[in-house]
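Hi there,

Here is the structure I promised to pass on to you. Have a look at it first, and then read on for what turned up in it.

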Amino acid sequence: MVRTKAYKYIIGADEAGRGPLAGPVAVACVKMVASLYDEEALFSRFAYLNDSKKVTPKRREVLYEEIKKAQKEKILSVALFFTSNKEIDKRGIMKATHAALHRGLFKCTNNPEDAHVLLDGTLTAPDVFVRQKTIIHGDEKEPLIMLASIVAKVSRDRAMFALAQEYPHYGFEKHKGYGTKEHTRALYRYGPCPAHRISFLSRILK
């Protein structure tokens, strides 16, 4: 990507956790000064960078710590927001996810005209971000989206580990809230807990 005089920042955005039956959605935005953006330098700095789903949990943790280090060095900045299962039930998954994205982008910049936003999958930024591009499989193509993917995934996984301590019957530390056989069996046996998305369970708990 070539830096132009039209914008000051490039922001990559991705989410983790839209599909699970429990827990929050995490949305991460990673911002860089456009004049400093260099794809080769990013891939060199963040070894084995890729879509978080294609990176081992151990490697994700290493990358996450490297991202935190880069943030301290002011190479980039990170905005992370969670949307709770309660808000997902109230607003629906898409609106809840976009609400977290909205908060993340406006934490990155108060002036949307200063930013060019790169979004993964089907995400779209608020219309005031006139320079935005949604990229199918962007978390496999754009390094800033990959970085956002790592932050969102690691942060959400950690949140699910915490929920596993609070609600130990469901195995959240293993499946992270997704609808595995183990998770479904636990739902039938114990019923939903306060961390579940009740609106997602209608087809399971009939």
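Predicted model: local features only at pLDDT ≥ 70, side-chain atom pairs only at ≥ 80, totals over all residues.

Let me start with the aromatic rings. A pair of them is described by the distance of the centres and the angle of the planes. How many aromatic pairs does the structure hold? There are three. In one of them, the ring centres of Phe106 and Phe129 are 5.2 Å apart and the planes meet at 70 degrees, so this pair is edge-to-face. Phe106 belongs to helix H4 (residues 93-108), while Phe129 sits in the loop between strand E4 (115-120) and strand E5 (132-135), so the pair ties together parts that are 23 residues apart in sequence. Is Phe129 buried or exposed? With 1% relative accessibility, Phe129 counts as buried.

Tyr170 and Tyr190 make another pair: their ring centres are 6.2 Å apart with the planes at 70 degrees, so this one is edge-to-face. Tyr170 is found in the loop between helix H5 (143-166) and helix H6 (172-175), and Tyr190 in helix H7 (residues 181-190), so the pair ties together parts that are 20 residues apart in sequence. Tyr170 has 5% relative accessibility and counts as buried, whereas Tyr190, at 37%, counts as partly exposed. Together with Phe172, Tyr170 and Tyr190 form one aromatic cluster.

Two arginines are also worth a look. Arg45 lies over the face of Phe46, at 5.7 Å from the ring centre. Arg197 lies over the face of Phe200, where the distance from the ring centre is 5.1 Å.

Now for the strands. Strand E2 (residues 25-33) is mostly covered, with eight of its nine residues buried. Which strands does E2 pair with? Strand E1 (residues 9-16) pairs with E2 in the antiparallel sense, over eight bridges. Strand E3 (residues 77-83) also runs antiparallel to E2, joined to it by seven bridges.

Happy browsing, and do write back with any questions.

Best wishes

Methods: Residues numbered from 1 in each chain as written. Heavy atoms only, no water. Phe/Tyr/Trp six-rings, centres within 6.5 Å; stacked < 30°, edge-to-face > 60°. Helix = DSSP H or I, 4+ residues; strand = E, 2+ residues; numbered from the N terminus. Buried < 20%, exposed > 50% of the residue type's maximum accessible area, 1.4 Å probe, protein only. Lys NZ or Arg CZ within 6 Å of the ring centre and 35° of its normal. Pairing = 2+ DSSP bridges.
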